[in-house]
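User: I have a model open and would like to talk it through with you. Could you start with the overall picture once it is on screen?

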Amino acid sequence: MKKGKILIFFMAFAAVMLFSFKAVHAAPAAMPIPKINISTDTPNSPAEYVDNIKLLLMLTVLTLLPSFLIMMTSFVRIVVVFGFLRSSLGTQQSPPNQVLIGLALFLTFFIMAPVGKEINTKAVQPYLQNKITQSQAIEEGAKPLRKFMLKQTRTKDLKLFMDEAKLGSDITKDNVPLYVVVPAFAISELKTAFQIGFLLFIPFMIIDLVVSSVLMSMGMFMLPPTLISLPFKLLLFVMVDGWYLLVKSLILSFS
């Protein structure tokens, strides 16, 4: 009886598979596969050849866009300060890196919005309307960005790179090349971020010292002081509305 049931099951399975096979082959193709052809054409004129080279160079520059966003905007100062804040609190991976970087990016967009608006008004829109050439658009677009970076750059740092580049005496802050301004701006931003980070560490370091002294006086040498001081540091940060004060200070530092 059992063997009969097994035989019936296999016969039914074979019938279903045969029916499905016939149905698939009988059904018409619903979606034809497109033909893909990759070919290169000979340019008809030298101007067309130059345009293709410009497009290739533009696509190459787009790969460097993250570096431009990091080194030529307020992102460096903000993300370094956030890193110091997390270290001073001793919260290890909280907030996560994704949260801190995301917040730093949106603050960067907020701070750089006036600069972007000026670049769009003076360079991008006139170029799209064929009122200025590409070289003029690049020159006009670099002026607001150069002005922003020079405002945050120390004179000592700028002079260092100007001297090393051996620029002539006719170079001023209005026409200094960007390859000189960017590294000077970067090290100035790092120094400013470290100064803010030092001020962030002071109140939390005092809490750590107080907690360590109390634990030592009570003879609790085996209890980690950071474990006890962490709730007090979080309480202090929340009570003074730390995120509001920190973000406000960062925004005002660029004004």
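Analyst: Of the 255 residues of the chain, 25% count as buried, where buried means under 20% relative accessible area, exposed means over 50%, and partly exposed lies in between, with a 1.4 Å probe and protein chains only. This is a predicted model, in which local features need pLDDT of at least 70 and side-chain atom pairs count only at pLDDT 80 or more, while totals for chains, interfaces and linings use all residues. Residues are numbered from 1 along each chain as its sequence is written, and side-chain values use heavy atoms, with hydrogens and water left out.

User: How many helices and strands does the chain have?

Analyst: The chain has ten helices and zero strands, counting DSSP runs numbered from the N terminus, with helices (H or I) of at least four residues and strands (E) of at least two.

User: OK, and which residues have the most contacts inside the largest nonpolar core?

Analyst: They are Ile-78, Phe-82, Leu-85, Phe-148, Met-149 and Leu-246, in a core of 36 residues; such a core is a set of buried Ala, Val, Leu, Ile, Met, Phe, Trp, Tyr and Cys residues joined through side-chain atoms within 4.5 Å. The elements giving two or more residues to this core include helix H4 (75-89), helix H8 (178-217) and helix H10 (242-252), and H4 supplies the largest share, nine residues.

User: What does Met-149 touch, leaving aside its neighbours within four places in sequence?

Analyst: With those neighbours left aside, Met-149 is in contact (heavy atoms within 4.5 Å) with Met-72, Leu-178, Val-181, Val-182 and Phe-185.

User: Switching to Met-71: is it buried, exposed or partly exposed?

Analyst: Met-71, which sits in helix H3 (residues 65-71), counts as partly exposed because its relative accessible area is 33%. Beyond its neighbours within four places in sequence, Met-71 is in contact with Val-76, Val-182, Phe-185 and Ala-186. The C-alpha atoms of Met-71 and Phe-185 are separated by 8.1 Å, although these residues are 114 apart along the chain.

User: Last topic, how do the axes of H8 and H9 cross?

Analyst: The axes of H8 and helix H9 (residues 225-239) come within 9 Å and cross at roughly 140°, taking axes as lines fitted to C-alpha atoms over the stretch in contact and angles from 0 to 180 degrees between N-to-C directions. H8 and H9 are therefore oblique to each other, since angles under 35 degrees count as roughly parallel, over 145 as roughly antiparallel, 65 to 115 as roughly perpendicular and the rest as oblique.

User: Which residues meet there?

Analyst: Among them are Phe-204, Ile-207 and Val-211 in H8, and Ile-228, Phe-232 and Leu-236 in H9.
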